[in-house]
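Welcome, and please load the model in your viewer. We will go from stop to stop, and at each one you will hear what to select.

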Amino acid sequence: MTYSPFVELLKDLEKRVTDQVNVPVFRVLPDPEQLEPFVVLSDHTDNDLAVRTGLAASDTTLSVHVFYPANSRIKFENALYKLRGVIAQSNRVINVSTSQTVFDNSIGRDVYHAVISVRAII
């Protein structure tokens, strides 16, 4: 089956993170019973480049949310470093990867929560 370039990007990142970082990956926030660590491949934006370039391509930004238990900042930072390396090795051309980390309870308990913005031309 042939997938759209964005679906191929999602599938590639999901497989790489699951296989190489050994963290569950979801496309929506899982039920509260799901304990950390886990990753959510979340919202995205597209900028269609066909109008400017004549090529069937999009400048896409994908939000990757990382949730990690609040009990170890060092383990969290190491996992985040490894995850960013795995993202950089994606089959797609990753132009920019930026992240922001906060300590929050957005999922009902205290966690480290990082949002990685991944920008790719697909």
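## First stop: V96

Select V96 and show its neighbours: leaving aside residues up to four places away in sequence, V96 touches S117, V118 and R119, where contact means heavy atoms within 4.5 Å. Draw a line between the C-alpha atoms of V96 and S117, and you span 7.7 Å in space for 21 residues in sequence. V96 belongs to strand β4. Is V96 buried, partly exposed or exposed? V96 counts as partly exposed because its relative accessibility is 34%, given that buried means under 20% relative accessible area, exposed over 50%, and partly exposed in between (1.4 Å probe, protein chains only).

A word on what you are looking at: this is a predicted model, in which local features need pLDDT of at least 70 and side-chain atom pairs count only at pLDDT 80 or more, while totals for chains, interfaces and linings use all residues. Residues are numbered from 1 along each chain as its sequence is written, and side-chain values use heavy atoms, with hydrogens and water left out.

## The whole chain

Now zoom out and colour by secondary structure. The protein has three helices and five strands, and from the N terminus on they come in the order α-β-β-α-β-α-β-β. Helices (H or I, at least four residues) and strands (E, at least two) are DSSP runs, numbered from the N terminus.

Turn the model along its principal axes, and the C-alpha atoms fill a box of roughly 50 × 30 × 25 Å.

The accessible surface comes to about 7100 Å², with 53% of it belonging to carbon and sulfur atoms (Shrake-Rupley method, 1.4 Å probe; for residues, only the protein chains shown count as cover). Of the 122 residues, 39% count as buried. Among contacts with a separation of 6 or more, 57% are between residues 24 or more positions apart.

## Across the sheet

Hide the helices and follow the strands. In which order do the five strands lie in the sheet? The open sheet runs β1-β2-β3-β5-β4, with mixed pairing. Its edge strands are β1 and β4 (93-104), each of which pairs on one side only. Two strands pair if DSSP finds at least two bridges between them. Strands of a sheet pair through backbone hydrogen bonds, either parallel or antiparallel.

Start at one edge and step across:

- Select residues 25-26 and 38-48: β1 and β2 run parallel and are joined by two bridges. F26 stands opposite V40 in β2.
- Bring in β5, which runs antiparallel to β3 over 11 bridges. Y68 has Y112 of β5 as its bridge partner.
- Finish with β4, which pairs in the antiparallel sense with β5 (residues 111-121) over 11 bridges. Here S97 stands opposite V118 in β5.

## Loops and a helix

Go to the loop between β1 and β2, where P37 lies. What kind of peptide bond joins E36 and P37? The bond is cis, with omega at about 5 degrees.

Next, select N22 in the loop between α1 (5-21) and β1. Phi of N22 is near 60 degrees, a positive value in a residue other than glycine. N22 counts as exposed, because its relative accessibility is 65%.

Last, show the helices again and pick G85 in helix α3 (residues 73-88). With a relative accessible area of 30%, G85 is partly exposed. G85 and H65 are 20 residues apart in sequence, and their C-alpha atoms are 15 Å apart in space.
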